[in-house]
Amino acid sequence: MTKDQAKQRGGEFNDLVSDYGAGGEFHQHAGEGGDRLTTAQGVVIADNQNSLRTGAPGPTLLEDFVLREKIFHFDHERIPERVVHARGFGLHGIFECTRAIPEITRAAPFQSKGKITETFVRFSTVAGSKGSMDLARDVRGFAVKFYTDEGNWDLVGNNIPVFFIQDAIKFPDLVHAVKPAPDRGFPQAQSAHDNFWDFISLTPESMHMVMWQMSDRTIPKSFRTMEGFGVHTFRFVNAAGESTFVKFHWKPRQGLQSVLWDEAVKINGADPDRHRRDLWEAIETGDLPRWDLAVQMFDQAFADRFDFDVLDPTKIIPEEECPAEVIGTLTLNRLVDNFFAETEQVAFCTQNVVPGIDFTDDPLLQGRNFSYLDTQLKRLGSPNFTKLPINAPRGCPVSNYQQDGHMQTSNRKGRVNYEPNSWGQGPRAHPLEGYVSYSVRNEGEKRRLRPESFADHYSQARQFYISQTSIEKGHIRDALIFELSKCEVEDIRVRIVAHLMHIDTDLAAEVAQGLGLPSMPDPAPTSGPTRTDLPPSDALSILKNGPISFAGRTVGVMVSDGVDAAAMSSLSAAIKAAGAQMKIVAPAIGGVIDSGGTLHRADEKIGGGPSVLFDAVAVLLGPDTAAMVARNPAAQDFLRDAHAHCKFIALDQAKELVTASGLTDKLDGGYFGLTTGDDITDFLDACVDLRFWAREATLAH
Ligand code: HDD
């Protein structure tokens with residue numbers, strides 16, 4: 001049969017193998033063969049609604065290969081979810097080198113200014129299952145696969161630059177502690193429970209990470225508004241074989257933005273897919289997210305200046321000590337064609353490095369290098385997962401003697417499957433072009449040990465805390481009180497407060513008070529040095545690194561029939577001019593008719609589009625319908641929540657709603673009118689700041 005004949009019959013003509021076109025574009029042919037429904041064997045199906053049976057209804061026949069094949073395949077659709085980072089969202093992008101550094105690394109993406117390297121990025125939460133909600137208080141994964149000209153390089157990082165533990169041997173315990181308890185199978189996707197805090201309270205090395213975790217970093221507004229970090233100290237290696245230590249940072253062009261805890265709780269109910277939907281919509285509307293890749297580069301002499309060890313993954317190097325220099329930009333520009341084929345099957349491995357990038361002796365990184373490869377076999381079921389299009393290298397050939405295994409699709413031709421051989425065929429290792437590990441002299445006794453240089457667990461925890469604004473400090477305090485209040489065992493709460501005593505005594509006292517502890521505990525016992533006072537670092541605060549414009553954010557505008565046509569169109573034009581989006585929330589999804597008779601379709605129904613989904617809100621009601629809206633409890637929540645979340649609020653014809661919401665005497669500098677063009681300008685100018693923080697102090701906690 002010819003290809004054309006096969007296509008006419010609806011078949012796929014052996015086109016089941018996915019490949020990458022010249023432009024690196026992803027082509028997935030499977031399942032797209034033609035308009036005839038077929039079995040996996042290519043047989044056209046006559047009836048997809050009724051199984052084969054004798055009589056009516058009659059028993060179903062084993063002979064029905066159409067039924068059996070369909071159900072068989074369905075039964076095997078699921079693969080094991082990732083043991084951590086199960087819930088994620090992936091996107092394609094490009095990395096552009098903006099500053100070449102061949103003198104420091106021979107890694108292909110950094111060899112020339114303007115060089116483009118294709119990438120795939122997967123963001124994730126850590127603790128929750130695949131179906132958990134997006135706004136759990138959790139660390140976010142930020143994993144980047146670079147399809148370089150010399151092989152794939154995976155930078156598998158998080159949105160926090162440090163980690164809970166210093167040695168990979170503790171990872172299973174950490175993960176067991178945070179995940180649902182084995183007897184009851186809950187809590188899901190949260191750390192506010194006894195097992196997690198029990199483990200943490202007995203693991204002083206996690207104190208620095210815990211301060212980050214209790215900050216608003218773990219409730220980002222969007223994946224677009226968070227930083228990413230490679231965490232470990234890696235090595236850059238140049239063509240001469242010289243090494244420079246490097247730490248990787250992704251800095252979002254969108255500025256750092258987070259939500260408030262009460263918002264997070266409500267967003268999880270209103271839109272559990274918040275973060276994936278946000279990325280989907282950003283790409284669809286052409287608002288492409290961008291991050292600068294910045295690197296901190298230093299040598300051994302610089303590393304030796306610190307009391308702590310640069311190989312300790314619970315430590316940062318403050319940017320004031322070693323600047324983060326921008327060398328490129330990542331732009332996410334393409335949605336996946338298929339979630340399973342790409343986002344689910346993408347396999348990141350820390351061991352995937354390319355010439356010019358090398359590991360250090362960080363014990364966490366060394367353990368990770370085993371775990372990721374191992375886990376992919378479990379998840380994807382075959383060592384041939386590297387041949388899946390999303391995992392296969394794009395910029396270079398792959399040639400070796402690995403063969404067979406489940407789902408093999410590309411064994412070599414011919415008789416030669418070993419090396420060396422004298423058949424004059426097949427690939428050979430290349431000492432000059434090949435990957436050469438950086439040569440390090442290591443000596444010492446074989447022992448299980450933790451170096452003395454890893455012993456200080458509190459100095460940087462304090463440095464993080466004192467680098468925060470007073471608003472952010474308050475959020476850390478509130479998060480600690482919330483989480484520890486969910487612990488049923490008082491000893492656990494006390495042990496954490498005892499650790500906080502080493503970090504900041506005021507914070508410890510505030511948390512103790514918030515928990516209602518009868519007295520302050522003694523500081524936690526320590527075996528090593530307790531603390532060195534380090535200066536604050538502005539880079540550690542979210543609020544000091546916020547957005548510089550209102551672009552990319554959204555105003556939720558609640559309207560009702562008879563809304564003033566001129567006000568509506570001025571507001572809409574001004575929001576658009578600011579590069580932001582307007583979403584209409586109306587009594588019915590069909591929309592409203594303005595005073596000029598124009599229909600405005602709604603994006604959300606009141607109640608379906610609560611104000612937690614928007615960055616700022618406006619209420620713009622029709623004179624004859626305002627009272628009806630004011631009686632709607634969901635409309636009252638819309639306004640009350642926007643107030644409680646310190647949002648900027650613009651009002652027109654909303655007096656009755658303000659009264660019904662109990663806010664009459666609470667209108668403050670974060671409120672604006674909508675009557676004149678100046679009102680609207682003032683409102684949107686104010687919105688550049690994330691929130692009207694002055695209000696927070698007036699709200700009862
Ligand atoms: Fe991990 C997944 C990040 C420590 C073992 N990890 C995973 C992902 C990210 C990270 C972003 C999701 C990748 C994806 O999107 O597919 N992990 C980190 C960071 C760590 C870290 C930044 C500390 C610096 N991880 C860590 C340790 C171990 C693991 C110490 C084991 C010893 N991580 C895994 C894993 C996962 C994983 C079990 C689950 C799914 C996967 O690998 O592909 O192998």
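Analyst: Happy to, though let me begin elsewhere for a moment: P172 lies in helix α3, which covers residues 171-178. Helices here are DSSP runs of H or I with at least four residues, numbered from the N terminus. This is a predicted model, in which local features need pLDDT of at least 70, side-chain atom pairs count only at pLDDT 80 or more, and totals for chains, interfaces and linings use all residues. Residues are numbered from 1 along each chain as its sequence is written.

P172 counts as exposed because it has 11 C-beta neighbours inside 10 Å. The cut-offs use C-beta atoms placed from the backbone: 20 or more others within 10 Å means buried, 12 or fewer means exposed, and anything in between is partly exposed.

Now to the site itself. An unreviewed UniProt entry carries the annotation "binding site" for R82, R122, F171, R368, Y372 and R379. Such annotations may be inferred rather than shown by experiment; their positions follow the numbering used here, and feature names are shortened.

Let's look at Y372, which sits in helix α10 (residues 363-380). Y372 is partly exposed because 17 other C-beta atoms lie within 10 Å. Leaving out residues up to four places away in sequence, Y372 touches F348, C349, T350 and Q351. Contact means that the C-beta atoms of two residues, placed from the backbone, lie within 7 Å.

R379 is also found in helix α10. With 16 C-beta neighbours inside 10 Å, R379 is partly exposed. Beyond its neighbours within four places in sequence, R379 is in contact with I79, P80 and R82, and R82 is itself one of the annotated residues.

How values were computed. Helices (H or I, at least four residues) and strands (E, at least two) are DSSP runs, numbered from the N terminus.
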